[in-house]
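Please look through the sequence and the 3D structure below before reading on. The paragraphs that follow lead from an open space in the protein to the surroundings of a ligand.

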Amino acid sequence: MDGNGRWAKKRFLPRLAGHKQGVEALRSCVQDCRTRGVRVLTVFAFSSENWSRPADEVSGLMEILGLAVVREIKALSENGVRLYFVGDRSALSSKLIAALVDAERKTAENEQLVLNVCLNYGGRWDIAQAASRLASSGALITPKSLDGAMAMAHVPDPDLFIRTGGEQRLSNFLLWQTAYSELYFSDCLWPDFGANDLDAAIAAYSGRERRFGKISEQMISIPKATHAD
Ligand code: IPE
Ligand code: MG
């Protein structure tokens, strides 16, 4: 979800106003995903590297996040959304951790859409924590065992990876899980990302042929894969 700061700057507003508008964009995006039958939506809310932003932006972001989580639980529950917070919680405040745990517990029975909010998350952190957990339990480290030890093990690998804000890089997001994801880059700033932009991304995705290492002729009678088995 990139581009909140630029969205605010264009309007002569403080960066935090952009982040607040980013929460609004996420709220609509969750609805748009639900009505389109998307089962899993994973968003990058705060990266391991975002701590190095100015202190007032970091504390403001944490506050916006904490408030949004508490405020949205009811509506998310009514819409069948199950929340997961993915990332290293050790650096978060105990108040925020309590809000995250509470939101996960209150939405645990919901089955329509899984919403993973990646918070203090980094793709390299995830690979390292999975490997070190396996190593300390004495388990063999294989692609399959790593898959199961990842912080994202509860959902399939993403089919479509969307980055807004015009940059064309992964920036340490789902590094392991995007091995076969279709990448889509949009110039749209995240607070402006609406249903039409989501539809454009899905349309681009639908036009791609996913071969998972095979050749085109082998794919013809195979239904579209949803998981890179
Ligand atoms: C949101 O956009 C990303 C978050 C860390 C929440 P940015 O804050 O990176 O916005 P730009 O790139 O400065 O426009
Ligand atoms: Mg940015």
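Into how many nonpolar, polar and charged residues does the lining of the second largest pocket divide? In this predicted model, where local features need pLDDT of at least 70, side-chain atom pairs count only at pLDDT 80 or more, and totals for linings use all residues, that lining has five nonpolar, two polar and two charged residues. Residues are numbered from 1 along each chain, ligands are numbered from 1 in the order in which they are written, and side-chain values use heavy atoms, without hydrogens or water.

A pocket here is an open set of points on a 1 Å grid where a 1.4 Å probe fits, with protein on both sides within 12 Å along at least five of seven lines, and lining residues have an atom within 4 Å of a point. The second largest pocket has a volume of about 200 Å³, and its lining includes Met-62, Leu-67, Lys-95 and Ala-99. Helix 3 (55–78) and helix 4 (94–106) each give two or more residues to this lining, and helix 3 gives the most, with five.

Turning to ligand 1, the residues around it include Gly-3, Arg-15, His-19 and Arg-53, and helix 1 supplies the largest share of this shell, three residues. A polar side-chain atom of Arg-53 lies 2.7 Å from an oxygen atom of the ligand, while for a polar side-chain atom of Arg-15 the distance to a ligand oxygen atom is 2.9 Å. Taken alone, ligand 1 exposes 390 Å², of which the protein buries 86%, with accessible areas taken from the Shrake-Rupley method with a 1.4 Å probe.

Methods
A residue is near a molecule or strand if one of its heavy atoms lies within 4 Å of it. A polar contact is a pair of N or O atoms within 3.5 Å; within protein, one must be able to donate a hydrogen and the other to accept it, and residues adjacent in sequence count only if both atoms are side-chain atoms. Helices (H or I, at least four residues) and strands (E, at least two) are DSSP runs, numbered from the N terminus. Grid points are joined across faces, edges and corners, and a volume is the space filled by probe spheres set on the points. Ala, Val, Leu, Ile, Met, Phe, Trp, Tyr, Cys and Pro count as nonpolar, Asp, Glu, Lys and Arg as charged, and the others, Gly among them, as polar.
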